[in-house]
Amino acid sequence: MIPLLALALALGAPLLGAVVTTRVSGPERRWAALIFLVCSLAGTGVAAAIVLAGPPISWGQGVAEVRLGALAGTLTPPIVLAGIVLILTATRRETTPQLLSGILTVIGMSLLALLVSHPAAVLAAEAAAAAATAGLMIREERRATAIYLTGSTAAFLAAAAGALAHAGPVTGLPDWVVGFALLAALLRLGVFPLSTGLFAAARSRVDTVALVAILPLGGVVTLATVVAPTVELGRVLHPVTAVLLVGAVGAAALALVQSTLRRSIAALLGALYALIALGVLDPSPTAVIGGEVLWAGVLLAATGLGATTALVEARFGALDLREYQGLHTVVPGFSGAFLALGISLTGAPGTVDFIATDVLLTSATVSDTLGMAAIAATLALVGLNVLRLQFRVFHGAARPPDASLAPKPRERLALGLVVSAVLLGGLAPTLLPLASPASTPPTTHASVLP
Amino acid sequence: MIANLVQLATLGAILPAPSALLILVVGLAVARRLPERRVHLLVAWSMSIAVVLSSAVVVALGLGLASTEVIDLGPVLHLRGYHLDLAFRVDLPGAIFLWLTHLLCGLVGAFSAQYLHQDEGYHRFYGLLLAFVVGLSLISVGAGLDLVFAGWELLGIASALLIGFFHRRPAPVHNGLRAYAVYRTTDVGIVLALVLLHRATHTASLDALATLGGTTGLIIAAALTFGAMGKGAIVPFTAWLPRAMEGPTPSSAIFYGALSVHASPFLLLRAFPLLEDQIEVRVAVGLLGLATAFHANAVGRTQADVKSSLGYASVTQVGVIWIEIALGATTLALLHIVGHAILRTWQLLRAPSLLHDRHTLMQDLGRAPPERGRAYEWVLPLGFRRWLYRIALERWYLDELHEGALRRATAPFRQLDRLDQRWARFLDGAPAASSSSPPPEAQHP
């Protein structure tokens with residue numbers, strides 16, 4: 001009973017909140033949305049604790065089957081936490097009913113995608129999340145991103161229809177269904193060269209709306225639960241791996257040549273998403289765990305880094321990386337948060353991404369030595385770019401301090417939460433259900449992942 | 001009994017730095033500002049305890065009262081086919097490097113209390129110093145290559161941030177990033193070595209290196225050598241080191257004179273059970289060491305400031321240490337590291353007082369001190385000396401080489417980026433940007 005209630009709370013709260021927040025007016029709207037997400041966080045926390053203690057639990061059958069396993073237990077809390085951070089750091093002008101409802105819908109659908117078992121249900125939930133994000137982009141007139149997300153939605157729906165029509169195990173899904181699912185996932189994540197939508201999301205400004213599109217709230221579940229169990233190693237996986245490796249290095253190199261902070265962040269994240277995709281598509285169950293834990297770590301760090309960037313840009317406007325901006329003396333709190341979250345993205349020791357990249361690198365079997373060198377080069381370039389951004393934005397001739405630009409208490413809370421989560425995952429990785437000895441690990445590549 | 005005491009003493013030597021770092025970070029987060037004296041005492045006490053305990057470990061191991069110990073604190077993470085253990089390997093070389101780390105960092109910490117008094121970055125300096133010590137401790141006694149790499153990364157981040165310590169000036173910041181770029185480039189070698197070690201032996205333990213041979217052993221040895229080149233400022237990665245002197249003198253002393261630059265040959269010492277049988281790699285190590293020693297000696301003679309001169313002198317000695325390792329003289333190399341680190345720390349800390357020291361010396365001698373370093377003039381013809389001077393003044397054009405390589409490597413990505421932006425503008429229905437105006441993203445609102 002308790003697991004079911006926890007899941008109902010985790011899933012129901014954001015979806016109910018998406019409706020309720022449209023009926024609340026004024027600044028209370030933000031707090032109403034937060035209350036629903038905090039309830040959802042409580043539910044996901046209880047669910048994670050249940051998974052830590054024992055085997056996966058499932059209810060229902062067929063398309064309606066809901067399964068609480070290690071993947072859901074590990075990823076649902078970070079997804080909800082990302083939503084909380086987005087809402088806490090949104091500016092007053094941004095907290096419109098449409099945005100808050102959109103965020104809650106995306107969070108709810110992302111959680112649903114993690115909790116359902118049937119491929120058609122996973123794909124439909126992903127489609128709904130992508131559609132909600134596309135809707136936000138259309139409303140904000142970010143056409144390029146909206147086009148890519150609409151394409152992703154269409155591909156998810158096509159794959160969902162194919163999966164629904166297929167009467168057999170997931171390993172027998174037709175090639176065209178798997179192809180559409182793969183395309184949809186890569187479009188949603190913005191993996192290079194399908195990254196124009198991701199880069200363009202931040203083209204005019206990095207704000208909460210842009211972050212909803214940039215963050216990896218969708219796509220990975222499809223790769224892990226629909227594509228990975230079905231794709232044939234020799235015929236398909238190796239070419240896909242080659243594209244992802246090129247995409248990872250390419251995006252990381254693109255990040256280095258950017259002259260604006262916003263595009264550099266987007267490109268940097270695109271490189272990491274390619275590594276996540278590489279991990280979850282690997283035949284080795286341990287590498288899959290590495291990819292999924294990397295997803296959790298990157299999601300948290302990217303949320304924090306993106307939110308810090310949005311807060312800095314809200315105060316200082318677009319930042320040109322061709323000059324040193326010297327913001328350290330004006331906003332030292334943001335400088336510290338940017339550095340901590342940035343180096344955690346690179347896999348600095350003590351953070352969850354260090355564990356994840358170590359697991360991924362040492363366990364991945366699909367890539368040869370050259371592939372491993374490409375992954376190592378990607379991580380090196382990402383690390384270099386993070387420090388370049390830190391130095392360019394926060395170092396240089398000091399600007400006069402201005403107390404009015406200091407982080408607000410809710411912004412401090414948001415960044416403190418995400419930094420703590422990143423460090424907790426790194427220093428106590430066995431708290432993650434995926435990495436816990438008590439949880440059931442993924443069995444084989446060709447089976448449904450928990 | 002003594003074995004248990006050695007293990008306890010080692011743990012006691014490792015723990016103070018991370019504990020002090022945690023206290024400092026939490027204290028700053030809560031109190032926003034800690035008194036300088038309190039920070040200094042925290043660091044002084046932690047380094048003092050660590051020095052005493054690590055000295056005891058060195059004595060016990062040196063006198064043969066205990067042998068190499070492995071302290072296994074249990075798994076951090078254990079999955080099928082992968083495990084990350086918090087394990088430390090206490091042998092004599094590791095214990096000596098651990099002792100050296102805490103001794104020199106403690107001395108520099110004491111020096112910095114006066115040197116950086118009332119500097120706005122006082123707390124930042126000590127935080128980075130403690131992070132540096134944690135990194136070096138992991139390198140000294142980490143039992144697995146993954147722990148060693150964690151320390152190596154921490155070292156790199158702390159180094160880059162300390163080079164850019166005086167962050168209001170663009171030059172130190174630019175040089176910090178430059179050094180970090182070299183570190184990250186060569187770190188690819190260590191990552192590759194870690195991955196291949198895991199695949200070959202299913203463990204990251206340094207003891208497993210000795211079991212490797214054949215092509216795998218050769219590749220891992222070469223990868224580790226490449227990984228060690230960055231921090232050791234081995235040719236062609238030498239140019240970052242004199243630029244690193246932009247940081248505070250105390251950090252220049254311990255990082256680029258004493259410890260960080262010696263982490264490179266220490267890594268080779270740790271990997272020597274593998275290197276021993278890899279003749280090709282040892283020859284490469286020796287040749288690189290020779291080239292580095294010659295390059296740094298020549299360039300150092302053309303430097304106009306004392307810290308750059310000492311920086312290149314350090315690199316010269318690191319080159320010689322690499323030659324010693326290539327020849328198999330590992331004990332000599334370790335002694336060389338210790339002696340050189342202590343001497344160079346002293347020299348760099350005295351560097352700001354160079355003129356005063358010279359005047360004191362002249363007073364004592366009653367004349368100018370004799371000129372030294374004329375060996376080149378006796379041996380080399382004038383024309384060659386002039387050519388050597390010219391290229392040494394230009395630091396063998398290594399900067400231009402690196403910048404040219406970077407420009408060529410990034411050119412296709414700049415083109416790709418322009419194409420992507422054009423495509424995005426097309427999808428957005430925005431007018432095409434003219435070639436003379438910067439893209440909208442680069443303009444301030």
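This briefing walks through the interface between two chains and a handful of local features. The model is predicted. Chains A and B meet in an interface that buries about 5,400 Å² between them, and H7(B) gives the largest share of chain B's side of it. Away from that topic, there are two cis peptide bonds to look at, one from A:Phe192 to A:Pro193 and one from B:Val235 to B:Pro236, plus a couple of non-glycine residues with positive phi, B:Gln118 and B:Ala233.

**Where chain B meets chain A**

- On the chain B side, 53 residues are in contact with 69 residues of chain A.
- The size of an interface is often quoted as the accessible area lost when the parts come together.
- Here that comes to about 5,400 Å² for chain B and chain A, with 65% of it on carbon and sulfur atoms.
- As for charge pairing, the count between the two chains is two salt bridges.
- Polar contacts across the interface of chain B and chain A come to 12 residue pairs, with both residues at pLDDT 80 or more.
- Which elements of chain B give two or more residues to the side that touches chain A? They are strands E1 (69–79) and E2 (82–90), along with helices H6 (145–163), H7 (170–201) and H19 (398–428).
- H7(B) is the biggest giver, with 16 residues on the side of chain B that touches chain A.
- By residue class, that side of chain B splits into 30 nonpolar, 10 polar and 13 charged residues.

**The H8–H9 loop of chain B**

- The loop between helix H8 (214–231) and helix H9 (240–243) of chain B holds B:Pro236, and B:Ala233 lies in the loop between H8 and H9 too.
- The peptide bond running from B:Val235 to B:Pro236 is cis, with omega near 5°.
- B:Ala233 has a positive phi of about 55°, although it isn't a glycine.
- Is B:Ala233 buried or exposed? B:Ala233 has a relative accessible area of 0%, so it counts as buried.

**Other backbone spots**

- Chain A has a cis peptide bond from A:Phe192 to A:Pro193, where omega is near 5°.
- You'll find A:Pro193 in the loop between helix H7 (175–189) and helix H8 (196–201) of chain A.
- B:Gln118 isn't a glycine either, yet it has a positive phi of about 65°.
- Look for B:Gln118 in the loop between helix H4 (92–115) and helix H5 (122–141) of chain B.
- With a relative accessible area of 66%, B:Gln118 is exposed.

**Buried stretches of chain B**

- Helix H10 (residues 249–258) of chain B is mostly covered, with 10 of its 10 residues buried.
- Among the buried residues of H10(B) are B:Ile254, B:Phe255 and B:Tyr256, and also B:Thr249, B:Ser251 and B:Ser252.
- B:Ala20 sits in helix H2 (residues 16–31) of chain B.
- Why does B:Ala20 count as buried? Because its relative accessibility is 2%, and the cut-off for buried is under 20%.
- Leaving out residues up to four places away in sequence, B:Ala20 touches B:Leu42, B:Ser46 and B:Leu130.
- For a sense of distance, B:Ala20 and B:Asp277 are 42 Å apart from C-alpha to C-alpha, and 257 residues apart in sequence.

Key:
Residues numbered from 1 in each chain as written. Chains lettered and ligands numbered in written order. Predicted model: local features only at pLDDT ≥ 70, side-chain atom pairs only at ≥ 80, totals over all residues. Heavy atoms only, no water. Helix = DSSP H or I, 4+ residues; strand = E, 2+ residues; numbered from the N terminus. Buried < 20%, exposed > 50% of the residue type's maximum accessible area, 1.4 Å probe, protein only. Contact = heavy atoms within 4.5 Å. Buried area = accessible area lost by both parts, 1.4 Å probe. Salt bridge = Lys/Arg side-chain N within 4 Å of Asp/Glu carboxyl O. Polar contact = N/O pair within 3.5 Å; in protein donor to acceptor, adjacent residues only side chain to side chain. Nonpolar A, V, L, I, M, F, W, Y, C, P; charged D, E, K, R; others polar.
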